[in-house]
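User: I'd like to go through this one and see what backs up each label. Can we start with the structure on screen?

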Amino acid sequence: MSDDPSIFSLDGRRALLTGSGQGIGLRLARGLAAAGASVVLNDIIDARLAGAVAGLRAEGISAEGILFDVSRPD
């Protein structure tokens with residue numbers, strides 16, 4: 001097994017994380033960003049999503065937020 005962190009490089013990739021306005025989803029967003037990805041967060045609560053995106057951006061992470069409910073196809 002290699003200790004080379006570049007084997008998990010996500011440079012130039014974009015990751016969509018559903019339910020990522022808080023908790024595990026938000027932590028995963030930070031981890032994927034640390035690996036080089038820009039992240040797109042999703043949540044169903046606007047204020048929670050906006051706060052999460054603002055927090056990540058304040059940390060220097062490229063983040064966007066999209067408000068929608070993944071359980072509703074419309």
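User: Among contacts in the chain between residues at least 6 apart in sequence, what share joins residues at least 24 apart?

Analyst: That share is 51%, with contact meaning heavy atoms within 4.5 Å. Two ground rules before we go on: this is a predicted model, where local features need pLDDT of at least 70 and side-chain atom pairs count only at pLDDT 80 or more, while totals for chains, interfaces and linings use all residues. Residues are numbered from 1 along each chain as its sequence is written, and side-chain values use heavy atoms, with hydrogens and water left out.

User: What makes up the chain, read along the sequence?

Analyst: The pattern is β-α-β-α-β, from two helices and three strands. Helices (H or I, at least four residues) and strands (E, at least two) are DSSP runs, numbered from the N terminus.

User: How do the strands line up in the sheet, and which pairing do they have, parallel or antiparallel?

Analyst: The order is E1-E2-E3 in an open sheet, and the pairing is parallel. Two strands pair if DSSP finds at least two bridges between them. E1 and E2 have four bridges, with Arg14 opposite Ser38; E2 and E3 have five, with Leu41 opposite Gly65. Both pairs therefore meet the cut-off.

User: Why is one side of strand E1 (14-17) and of strand E3 (63-67) left without a neighbour in the sheet?

Analyst: E1 and E3 stand at the edges, each with a single partner strand, so one side of each has no neighbour in the sheet.

User: Why is E2 called largely enclosed?

Analyst: Buried means under 20% relative accessible area, exposed over 50%, and partly exposed in between (1.4 Å probe, protein chains only). Six of the six residues of E2 are buried, so the rest of the structure largely encloses the strand. Both faces are covered: Ser38, Val40 and Asn42 are buried on one side, and Val39, Leu41 and Asp43 on the other. For the chain, buried residues make up 31% of the 74 residues.

User: Why does Asn42 count as buried?

Analyst: Asn42 has 3% relative accessibility, and the cut-off is under 20%, so the label holds. Asn42 touches residues including Leu16, Gly19, Leu49 and Phe68.

User: What does the side chain of Asn42 reach at 3.2 Å?

Analyst: The backbone oxygen of Ile66. A polar contact is a pair of N or O atoms within 3.5 Å; within protein, one must be able to donate a hydrogen and the other to accept it, and residues adjacent in sequence count only if both atoms are side-chain atoms.

Note on methods
Lists of a residue's contacts leave out its neighbours within four places in sequence.
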